[in-house]
Amino acid sequence: MKLIIANWKSNKNLNEATHWLEQTTTTLAASTHQIVVAPPSPFLSLAADKFQGTKIKLAVQDISPFPAGAYTGAVGVKNLEGLKVSYAIVGHSERRRYFHENNNDVANKVRESFLGSLTPVVCVTKGTYKEQAKSIENEYRHKAIVAFEPVEHIGTGIADTLEDILETKDMVKTAFGDVRYIYGGSVDTHTDLEILTHADIDGFLVGGASLDADEFVKLVNLIS
Ligand code: PGA
């Protein structure tokens, strides 16, 4: 059983989100994998309703590094109570690049996630994993899920090689401990089956290929 996270990023309006959920929920609910959908926050409630009674889980694409309070625009763990969100994606390279987040911000998001009973999915590259691991408190570090997300393979249509993904896994585990390790970066239906079915990769973070309902369902069916 793999963890497969559909990260829509900043895509879809209400109609499109509704349509995707209507097209996929029954099929995804029957998957043997743990499917997690990370819609933009305005659609979390809608998705929670659709997924009610299924084993599909929800993730937020980001979380505030602060507790509840005067932080205009931030979505914190308090705001998610009752929405049945299970995971928080933190430290995505797009957050680091466009919103100038650093390892310390990500470490605070990891803490907030655990305090709010969310499991953080910490996105790292070969350039960030070591310092990122160090900045996260000991009690949380080994409990996170780590997503290896090489920037040069995100949104390019070309996934990393199996060799590199596995090599990085060893380095990540040395830094973080015995975490669940997933891969993200141009995972789609054309990705090498050796990658999609490898026992040492615990799952996938899927961006572009999660946007189209049929494509995502096809991809889920290829993964084993
Ligand atoms: P991609 O995005 O699948 O579109 O490459 C992956 C990610 O950024 O998590």
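A: Glu149 places a polar side-chain atom 3.0 Å from an oxygen atom of the ligand. This is a predicted model, so that distance is a computed one. His92 also reaches the ligand through its side chain: one of its polar atoms lies 2.7 Å from a ligand oxygen. Ser186 uses its backbone instead. A backbone N or O atom of Ser186 lies 2.7 Å from an oxygen atom of the ligand.

Now the helices. Take H1, residues 14-29, and H2, residues 44-51. Their axes come within 11 Å and cross at roughly 20°. An angle under 35 degrees counts as roughly parallel, so H1 is roughly parallel to H2. H1 passes H2 in a right-handed crossing. On the H1 side, the contact is made by Leu14, Ala17, Thr18, Leu21, Glu22 and Thr25. H2 contributes Leu46, Ala47, Lys50 and Phe51. By class, this contact of H1 with H2 holds six nonpolar, two polar and two charged residues.

H1 also packs with H10, residues 213-222. Here the axes are 9 Å apart, and the angle is about 15°. That angle makes H1 roughly parallel to H10. The crossing of H1 and H10 is right-handed. From H1 come Trp20, Gln23, Thr24, Thr27 and Leu28. They meet Ala213, Asp214, Phe216, Val217 and Val220 of H10. The residues in the contact of H1 with H10 divide into six nonpolar, three polar and one charged.

Technical notes: Residues numbered from 1 in each chain as written. Predicted model: local features only at pLDDT ≥ 70, side-chain atom pairs only at ≥ 80, totals over all residues. Heavy atoms only, no water. Axes fitted to C-alpha atoms, helices over the stretch in contact; angles between N-to-C directions. Helix = DSSP H or I, 4+ residues; strand = E, 2+ residues; numbered from the N terminus. Parallel < 35°, antiparallel > 145°, perpendicular 65-115°, else oblique. Left-handed = near helix turned anticlockwise from the far one by under 90°. Contact = heavy atoms within 4.5 Å. Nonpolar A, V, L, I, M, F, W, Y, C, P; charged D, E, K, R; others polar. Polar contact = N/O pair within 3.5 Å; in protein donor to acceptor, adjacent residues only side chain to side chain.
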